[in-house]
Amino acid sequence: MDSGNSSDVLPEDLSASVESFFETAPPLRDSSLTAQKLQAFIDRNSKPSEDGRPVRVVCITSGGTTVPLEQRCVRYIDNFSSGHRGAASTEYFVKAGYAVIFLHRRGSCQPYCHRLPEDALLDLFEVGEDSSIQVCQSHSAVVKKAIRDYRTAVERGQLLRLPFTTIFEYLQLLRIIAISMKQLGPYGMFYLAAAVSDFYVPWESMAKHKIQSSSGPMDMRLSQVPKMLSVLRKDWAPMAFCISFKLETDADILLQKAEIAMKKYQMHIVVANLLATYKREVTVVTDNGTIDVRKQGEDSDVEDELIKILIDRHCKHLEQSGI
Ligand code: PMT
């Protein structure tokens, strides 16, 4: 049985920086409503499915976090991520019977929309002679499929979408989700594809109003965001199956960095990808080797094969957990 290393304690300096991050973060808006929605979703999906087995629940993080530079924010530092990976992965997990908590950046790519034209929404529609609005014939098959699949996921209670923008919102939400998912034990999974800020301006030292350019060049010291991966593994949801991502631009260091991250944060799997090729290939790094996954054709997604491999590994994790 995987103990999840729950007996391990966090190093004192990490514990202190995690505590300070949450204590000084601006409180989450609607946190009690979000907690209620989350609990209802988890309770519904904790009941055994038709085959008598508990439903598996995955929290997918998607999109980039921002770091505000002003409390009444005009300027911010952003992280690269369109949210495509998280959105496409959500569809494949739902198709495989998982319930998905989709923790996503506001305005980023959404599940069931990733085959629709991204920047030309109005090109999808035409106005009929009787003034009715219809989807153009050229897009009707893809729109119908998207609507059907989305509605099915929602009606079956398999999809909960929770939005974030800033690093403060993201980490507070991740903590609430992880603590709620603790009750699922090894049936819970984390698929951490979001691009998370490494540096931030602590709320109390942040300018309240718009920084004035008339004051001349700006010097700014950023604090390090505590890596929450170890906290997630050791404290928040120690039995859950955890997958994190590693994005690099230099192919020579990618696998080495992924292996280090796997050991350091006790991840079950790290998915390694390069900025230049991440849409068509990834490498799954496990504790007993690597698997290269490639997109099979123009109309396919690399996530299709990737999610199959991860689900297979999750099943093995359940077996090893004595289930
Ligand atoms: O959204 P797309 O455009 O489709 O792009 C997908 C992607 C390239 C963003 C995705 O595949 C990906 O690689 N996501 C992780 C990018 C990243 O931020 O890598 P990293 O090396 O900085 O972080 C590694 C892991 O640590 C991540 O799982 C992250 O969630 C976590 N992290 C990072 C910083 C931090 N302070 N705390 C964290 O927990």
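A polar contact is a pair of N or O atoms within 3.5 Å; within protein, one of the two must be able to donate a hydrogen and the other to accept it, and residues adjacent in sequence count only if both atoms are side-chain atoms. A polar side-chain atom of S82 lies 2.7 Å from an oxygen atom of the ligand. The side chain of N273 also takes part, with an N or O atom 2.6 Å from a ligand oxygen, and a polar backbone atom of F245 is 3.3 Å from an oxygen atom of the ligand. In total, 22 residues surround the ligand, where a residue is near a molecule if one of its heavy atoms lies within 4 Å of it. The closest are S81, S82, G83, K246 and N273.

The model is predicted: local features need pLDDT of at least 70, side-chain atom pairs count only at pLDDT 80 or more, and totals for chains, interfaces and linings use all residues. Residues are numbered from 1 along each chain as its sequence is written, and side-chain values use heavy atoms, with hydrogens and water left out.

Next come two helices. Helices (H or I, at least four residues) and strands (E, at least two) are DSSP runs, numbered from the N terminus. Helix α2 (residues 31–46) packs against helix α5 (residues 167–181) at an angle of about 30°, and their axes are 10 Å apart. Here the axes are lines fitted to C-alpha atoms, for helices over the stretch in contact, and angles run from 0 to 180 degrees between N-to-C directions. On the α2 side, T34, L38, Q39 and I42 meet L173, I176, I177, S180 and M181 of α5, contact meaning heavy atoms within 4.5 Å. The residues of this contact divide into 6 nonpolar, 3 polar and no charged; Ala, Val, Leu, Ile, Met, Phe, Trp, Tyr, Cys and Pro count as nonpolar, Asp, Glu, Lys and Arg as charged, and the others, Gly among them, as polar.

The loop between α1 (12–24) and α2 holds D30, and P26 lies in the loop between α1 and α2 as well. D30 is exposed, with a relative accessible area of 55%, whereas P26 is buried at 18%; buried means under 20% relative accessible area, exposed over 50%, and partly exposed in between (1.4 Å probe, protein chains only). D30 has a phi near 55°, a positive value in a residue other than glycine. P26 touches F168, Q172 and W203, not counting residues up to four places away in sequence. P26 and E169 are 143 residues apart in sequence, yet their C-alpha atoms are 8.4 Å apart in space.

Strand β4 (residues 99–105) contains H104, which is buried, with a relative accessible area of 7%. A polar atom of the H104 side chain lies 3.1 Å from the backbone oxygen of F102. Beyond residues up to four places away in sequence, H104 touches S62, Q110, R161, L162, P163 and F164. In the loop between β4 and β5 (125–127) sits Y112, buried at 10% relative accessible area and with a positive phi near 70°.

Finally, K210 is placed in the loop between β9 (199–200) and β10 (223–224). At 43% relative accessibility, K210 counts as partly exposed. Leaving aside neighbours within four places in sequence, K210 is in contact with E70, V74 and R75.
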